[in-house]
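Open the model in your viewer and keep the selection tool at hand. The tour goes stop by stop.

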Amino acid sequence: MIFLEYKIAIIGTGYMAKKHCDAMSDSSKIVLDTIVSTEKSTTDAEEFKRKFGFRKTSTDIDSVIQDHNIDIVIICTPDSTHANLVTKFLRGGKHVLCEKPLARTKDDFNIIKKELEKSRKVLQVGMNCRFREQYSKPKEIIDNGELGKLGFLKSTYIVNIVDSVKKKEKPWWSDHPPDIFPFLHGGGIHCIDLLRWNGGKVKKVFAKSISFELKKELKSDTFSILLEFDNGVLADCCISASAFRPNSFEFDYWLSDGSIINNTKVFCKKNNQVFLSDEIKIEQKIIDLRLQFENMLESIEGNKSPLNSFEEAYENFIVISAIEKSLREGT
C-alpha cells in the first residue's frame, strides 16, 4: 500500500531526535504527529512541538502504540531501551526506525525477530553511515571492479568521549549487560558495519583491548581488531573511545590494481608504480538521515527489506559478540 502521507511519532528528545526532525521537516510525505518524552523532559518536548510542528506531545508510550493513525515510530532513546520498545511497536502494528544498536543480547534479537515476522512491518536500523558519500562512493568503485579485487581494509574509528562519560552527560552509558563491551555496540558498530558492507561475510576475528581512561565505565575503551572474511579479504581495525588525538573515521581500501586512501584519494597501478588517479568529491546534497528515511519509505511501499535491515543488524551483533569472546578468551 502506498500512503499519501505517513504520520510519525518520535520517541526521545535528545540529539538524534533533533537530527531526524531536521532531516524530515520539509518532506511532503510525512506528518510529525507525536513527540514522546519522559516526565523530566516535557519542556524539551514542547520545544520540539514549537520548532518542528508536531501535533502533540506525550509521555505515554502505550498511547502511541494504541494510536492507529501513527504509521512509523522512530526510536531515539538510550541503548538499553531499544529492544523492548522495538518489540512493543512491532507488536502494535507500527513500522519502526530504531537507532543503533538494535539489541545487545541474542535473546533480544530472537524476540524482535519473532515480532517482526508476525507483524510483517518494516524495521530499519539507524546505521546512517551507509548513506554518507565518503563511504558509499568508495564502495561503488570497489563493486564496479575498476581497481581490481579487494584484498585488505584498514579502518580507524576514534571518538573521544572521556569528558562526556566522566560528566555523566549520558548516564545510560553504564546501563548495559555485564558481559559486553558497550562502546563496541554503541560506537564501534559503525566501523564494524562498514567493514562488513565492503568485505562481506566475516569468517574469523581476533581482538585485543586496553583502557586509557574508561575502564570502570566501559570495561575497555580502545580495541585492536583483525577480521578475516569468507572471500579471503583481511581487515585491520582500530576503535577507541579515549585516544588523545583528533577524532577520525577513516578507511583505506587496498585492491589488486590500486587503492582508496582516507575514503577520498584514488590511486591506480601503472607499470608497478603508484599514481594518484582521482580524488572523490564529497557533496552530500541530501543529508544521510534523509536518505536513510527515504530508503525506509521505499521499503514500505515496495514491501522489501531496507538497506539497514534486521538481518544486517544481527550480523553486526554476531561479529561484535565474536570480538567480545576473543577479548575474554584471547583466542
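**Before you start.** This is a predicted model: local features need pLDDT of at least 70, side-chain atom pairs count only at pLDDT 80 or more, and totals for chains, interfaces and linings use all residues. Residues are numbered from 1 along each chain as its sequence is written, and side-chain values use heavy atoms, with hydrogens and water left out.

**Stop 1: helix α5.** Select residues 106–119, which form α5. Helices (H or I, at least four residues) and strands (E, at least two) are DSSP runs, numbered from the N terminus. At 1.5 Å a residue, the 14 residues of α5 should span 20 Å, and the end C-alpha atoms are 20 Å apart, which agrees. The expected span is 1.5 Å times one less than the number of residues.

Now show Phe-109, Ile-112, Glu-115, Leu-116 and Ser-119. These residues of α5 are buried. They cover an arc of only 130 degrees around the axis, which puts them on the same side of α5. The arc is that of the directions from the helix axis to the C-beta atoms. Buried means under 20% relative accessible area, exposed over 50%, partly exposed in between (1.4 Å probe, protein chains only).

What do the buried residues of α5 pack against? Select α4, β6 (123–126) and α11 to see their partners. Then turn to the face away from the buried side: Asp-107, Lys-114, Glu-117 and Lys-118 are exposed there. Just after α5, Arg-120 takes a positive phi of about 60 degrees.

**Stop 2: the second largest pocket.** Stay on Arg-120. With His-95, Lys-121, Val-122 and Asn-303, Arg-120 is among the lining residues nearest the centre of this pocket. The lining has 25 residues. α10 gives the most to it, with four residues.

**Stop 3: the largest pocket.** Select Tyr-15, Met-16, Lys-100, Lys-170 and Trp-172. Of the 45 lining residues, these lie nearest the centre of the largest pocket. A pocket is an open set of points on a 1 Å grid over the protein atoms alone, where a 1.4 Å probe fits, with protein on both sides within 12 Å along at least five of seven lines; lining residues have an atom within 4 Å of a point.

**Stop 4: Ile-180.** Select Ile-180, in the loop between α7 (162–166) and α8 (182–199). At 3% relative accessibility, Ile-180 counts as buried. Leaving aside neighbours within four places in sequence, Ile-180 is in contact (heavy atoms within 4.5 Å) with Arg-104, His-185, Lys-219 and Glu-324.
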